[in-house]
Each structure stands twice: as structure tokens, then as C-alpha cells.
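Thank you all for coming; I would like to walk you through one structure today, moving from a ring pair to a sheet and then to a helix. Please have a look at the sequence and the model first.

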Amino acid sequence: MSGNKDSDGGWRKFVWNSEKGEFLGRTGSSTAVIFILLMARVRGCVLAGASGSHLAALVLTVFICLTQTRRCLSGLSHTPRSEKSEISFKMSEAGTYEKYINTVKELLKLYDLENQNNLDHYEDCGDTPGPYKDRSDGQDPPGQKKSCRFQKTLLESCSGKDDDTFGFKQGNPCLIVKLNRIVNYRPRAPSNDTLPEGLKGKSFTNLIPIHCKNKREEDATKIGEIKYYGFSEGGVVGFPLQYYPYYGKQLHGKYLQPLVAIQFTNLTLGEELRIECKVYGDNIYYNEKDRYQGRFDVKFTVNS
């Protein structure tokens, strides 16, 4: 048997890719099916003796490792969400978009300034992107690690201050976007070679940028201008690093994720338009089998 280290490492990475959370090229959700089938097969082995028990333990260990790591991949979610990520409404009928704006209001209520006034839990971290806030120095008591305040005013026309329909009434819908919470995760700013065409030539130090575009070629001229609101670096909006890392519910119970607002200001009416948004960082990955891993796509149909 070959003792080549590189060869062995390549084989191991094929079996379990910890960076992308893939087992034999599959993500956690698809591997769950394999796990169930394996367990059914293993059940007979367990009855046969110790070797079966060891195999069952191995399969269970792999499954737990995979599912826990799966949660450690950067998920990107948006509000409002709807069934099958389809947002369809009629501008002239408030009832068709009421459910959407209600979910946005519910999310943003958590970010009311009055809910971030407690000095034991929150502090100002500036209005420009900054480096990570390391709070693991042991000085804060358990459950009292401070979080950076997030001002809703950064979301501008998507903040709800001047338009409580978040653009839906005018046919210019807003999406509020956030990265999922991952304990001790430090997203890294992207290098230029990982950036899409719309961000090429930009450099980022303390920001994870976000960018949206048409998912289908035939929609390229139908999307119109897309506006982004939130923290920005070099004129590009994204997620600032000073809000990371997150230390978990026990130590960081009042933590609020930074938000980005995306507004579609000139969607072609009466057509189903598919749009994809991605965040970019050197340790952010994508998988077409998972529509929320580092990205999401949404279908808009706006009628007058």
C-alpha cells in the first residue's frame, strides 16, 4: 500500500470535505438519506456482534460530524421569505403584499434602538467596517458578552422609517439579508480573484460584500437598478467584520447580526424574474444543491 501523504490526503478529502461539508460529494441534507439506508443495513450487523457495533458507531459519528459541520457553513437568508422563494404581489392590492411587509416589520422590531440601550449587552462599534471584535478575554461574566449595536437607519429607504411598505407599494421591493449565526466563525474578506464581474477591481479589508444579478440570461435587461444599503467599504455594501465572532446563546444571548438591505427599483412588471444574490469571502462556499449556502435565489413577479 502506498504511503504517499498527498495521495492519502486527497482520498480523505474526497470522502469527507470539511471545508464544504460534503461527504462523498454530497451535502448534509442528501447524506441524511444515505445515513438512513446505511443504518438499515447496519442493523443486521449490530445483531451479529461487536464488529457491527463498531460499524454502527462509525456511521453515527460520521453523520453527527457531517450535520454539525453543515451548520458551520455560511448560510445567507432573506426576509421576507415565502414558499419556494417566490415573491409575487400586485402593487394596487395591499392584501397581496401585506404578509411580506409584516415579516420585515417583525424582524426589524428586534433592531429598535430601545432594545439595544442596555450598556451591559451593547456598545457602539462605529459606522464603518472594522476588524473582528475579540471578546474571549475572560473579562465578561457568562451571558454578558457585549454585542455591536446595529442602527436601522443604515438601511435607508428599506428601514421602514419613511415607507412602511418597504417599497412593495411602489413595486420596488426590499429584501433584508443576514448571514446565519455560527459560533466562533470569522468570515474572511475576499481576494480579488474570487469576486464577480460587478465587483472586480475592488478591495476589501473589513467587509464581506454582497452582489445580486439575474439568474437567467433572458432576464439580464429586465432587472433594472439594484440598490444596497448598510455598512459599506469602497462604495460596496456588505457585512462588517466587527460583528464577528459570535459566541453562542450562553455567552452572547443579546447578539444581533448585521443586516444588509437590497432594493429592486425597476423590475419589469408582469414577468417572473429570477435573481441570485451571493456573499463573497475567502472562507465562504457555495453548493447548487443548497440554495442558501453562501447565496440565495428568489423569484419576483410584480404586477400593477
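**Rings, sheet and helix**

Let me start with Phe264, which is buried, its relative accessible area being 0%; by buried I mean under 20% relative accessible area, by exposed over 50%, and by partly exposed anything in between, with a 1.4 Å probe and protein chains only. This is a predicted model, in which local features need pLDDT of at least 70 and side-chain atom pairs count only at pLDDT 80 or more, while totals for chains, interfaces and linings use all residues. Residues are numbered from 1 along each chain as its sequence is written, and side-chain values use heavy atoms, with hydrogens and water left out.

Phe300 is buried as well, with a relative accessible area of 1%. Searching the whole structure gives 11 aromatic pairs, where rings of Phe, Tyr and Trp (its six-membered ring) pair if their centres lie within 6.5 Å, and planes under 30 degrees apart count as stacked, over 60 as edge-to-face and the rest as tilted. One of these joins Tyr100 and Phe168, whose ring centres are 5.7 Å apart with planes at 25°, so this pair is stacked. Both Tyr100 and Phe168 are buried. For Phe264 and Phe300 the centres are 5.1 Å apart and the planes stand at 55°, so that pair is tilted. Phe264 belongs to strand β12 and Phe300 to strand β14 (residues 295–303), 36 residues apart, so the pair links distant parts of the chain.

Which strands make up the open sheet, and in what order? Four of them, β3-β7-β12-β9, with antiparallel pairing; helices (H or I, at least four residues) and strands (E, at least two) are DSSP runs numbered from the N terminus, and two strands pair if DSSP finds at least two bridges between them. The edge strands, each pairing on one side only, are β3 and β9 (226–229). Between β7 and β12 (residues 260–264) there are four bridges, and Leu175 stands opposite Ile262 in β12.

Turning to helix α4, its buried residues are Tyr100, Ile101, Val104, Leu107 and Leu108. Seen down the helix axis, these buried residues fall within an arc of 120°, taken from the directions from the axis to the C-beta atoms, so they line one face of α4. The face turned away from that buried side carries the exposed residues Lys99, Glu106 and Lys109. The buried residues of α4 pack against β3 (76–79), β4 (86–90) and β7 (174–179), contact meaning heavy atoms within 4.5 Å.
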